[in-house]
Amino acid sequence: MRAFNAVINALFPNKCVSCGALINDGDYLCEYCFEMIEPVDLLKICTHCGLAKKNCQCKSRVFHFGGSIAPFENKGAAQQAMYRYKFKRTPSGAKFFAKEMAKAVRTVYNDIAFDGIVYVPMHPLKQLRRGFNQSQQLANELSKIFGLKVYDGLLSCKYRRKSQHNMPIKERFKNIKGMYITNYKITGKTVLLVDDIKTTGASFDECAKQLLLAGANNVYCVSGLITVAEKGKKKNGN
Ligand SMILES: [Zn+2]
Ligand SMILES: [Zn+2]
């Protein structure tokens, strides 16, 4: 077994999920990235809209979800880790993010009894090209951690949307209207909605709206990365 493991390790050496440096088995980050990564200070964000408390939009906008959290801000070493996971297809990235997302869920949503997990769907053609939907993978990892079912195929994505890069926040919410549909009812269920990155919250909001229409009692969101500062200034993601 030891020899077998040695061969596996030689063939698939364990790499830092952020920079790709070789690291010890069982670790996710090299020492440098571990120092550099910036966890979200959950005390400094509004856990309803997911923005920094000073940028909270709960008074000016009605969100369909009951909460939005993430372990990391959408920048630096964590952002690099997400790109590496999505575009270099590193499976350890899914495990790393899911583990950290689970910690945030346990901290903020600890008195919520979830019935299951839903993920933000990807357009079928896009998914075919990428080979996977990272939100679905993250949902599957979270399902293993929490022992909750994943509502597979509940949401689907109807249209390919225009790129949202540099789109003002209002436009993003408009651009995404009618994008998602539900395929069955989940009457009375409280669900955890999963995505890779939340920027303006437009995807989460539109999915949550559809889930409520499908009978969900409540929808709480978790993503790997979150933009907590300026409204819609960041590029990349939803
Ligand atoms: Zn590193
Ligand atoms: Zn808020």
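The legends below describe an overview and several close-up views of one predicted model.

In this predicted model, local features need pLDDT of at least 70 and side-chain atom pairs count only at pLDDT 80 or more, whereas totals for chains, interfaces and linings use all residues. Residues are numbered from 1 along each chain as its sequence is written, chains are lettered from A and ligands numbered from 1 in the order in which they are written, and side-chain values use heavy atoms, with hydrogens and water left out.

View 1. Helices (H or I, at least four residues) and strands (E, at least two) are DSSP runs, numbered from the N terminus. Taken along the principal axes, the C-alpha atoms fill a box of roughly 55 × 40 × 40 Å. The radius of gyration, taken over C-alpha atoms, is judged against a globule rule of 2.2 Å times the number of residues to the power 0.38; for 238 residues a compact globule would have a value near 18 Å, and the chain, with 18 Å, agrees. Of the 238 residues, 50% count as buried, where buried means under 20% relative accessible area, exposed over 50%, and partly exposed in between (1.4 Å probe, protein chains only). Contact means heavy atoms within 4.5 Å, and among contacts between residues at least 6 apart in sequence, 75% join residues at least 24 apart. The chain exposes about 12,100 Å², of which carbon and sulfur atoms supply 53%; accessible areas come from the Shrake-Rupley method with a 1.4 Å probe, and for residues only the protein chains shown count as cover.

**View 2. Strand 7 (residues 190-198) and its pairing with strand 3 and strand 8.** Two strands pair if DSSP finds at least two bridges between them. Strand 7 is mostly covered, with 9 of its 9 residues buried. Strand 3 (residues 116-119) runs parallel to strand 7 and is joined to it by 4 bridges, with I117 standing opposite L192. Strand 7 also pairs in the parallel sense with strand 8 (residues 218-226), over 8 bridges; here V194 stands opposite V222, and T190 has N218 as its bridge partner. Together with helix 8 (residues 202-213), strand 7 and strand 8 make a right-handed β-α-β unit, right-handed meaning that, with the strands pointing away from the viewer, the path from the first strand over the helix to the second runs clockwise.

**View 3. Strand 8 and its parallel partners strand 1 and strand 2.** Because 8 of its 9 residues are buried, strand 8 is largely enclosed by the rest of the structure. Strand 1 (residues 67-69) is joined to strand 8 by 3 bridges, and the bridge partner of S68 is C221. Strand 2 (residues 72-73) is joined to strand 8 by 2 bridges, with F72 opposite L225.

**View 4. The largest nonpolar core, which has 38 residues.** A nonpolar core is a set of buried Ala, Val, Leu, Ile, Met, Phe, Trp, Tyr and Cys residues joined through side-chain atoms within 4.5 Å. The residues with the most contacts inside the largest core are F97, I117, L142, L192, V194 and V222. Helix 3 (76-88), helix 4 (91-108), strand 3, helix 6 (134-146), strand 7 and strand 8 each supply at least two residues of this core, and helix 4 gives the most, with 8 residues. A second, separate core of 28 residues includes C49, C207, A214 and V219. Not counting residues up to four places away in sequence, V194 touches several residues, among them M101, I117, L138, L142, F204 and V222.

View 5. Most residues other than glycine have a negative phi. R89 has a positive phi of about 55 degrees although it is not a glycine, and with a relative accessible area of 47% it is partly exposed. R129, at 63% relative accessibility, counts as exposed. Not counting residues up to four places away in sequence, R129 touches R89 and R160. R129 and A77 are 52 residues apart in sequence and 26 Å apart in space, C-alpha to C-alpha.
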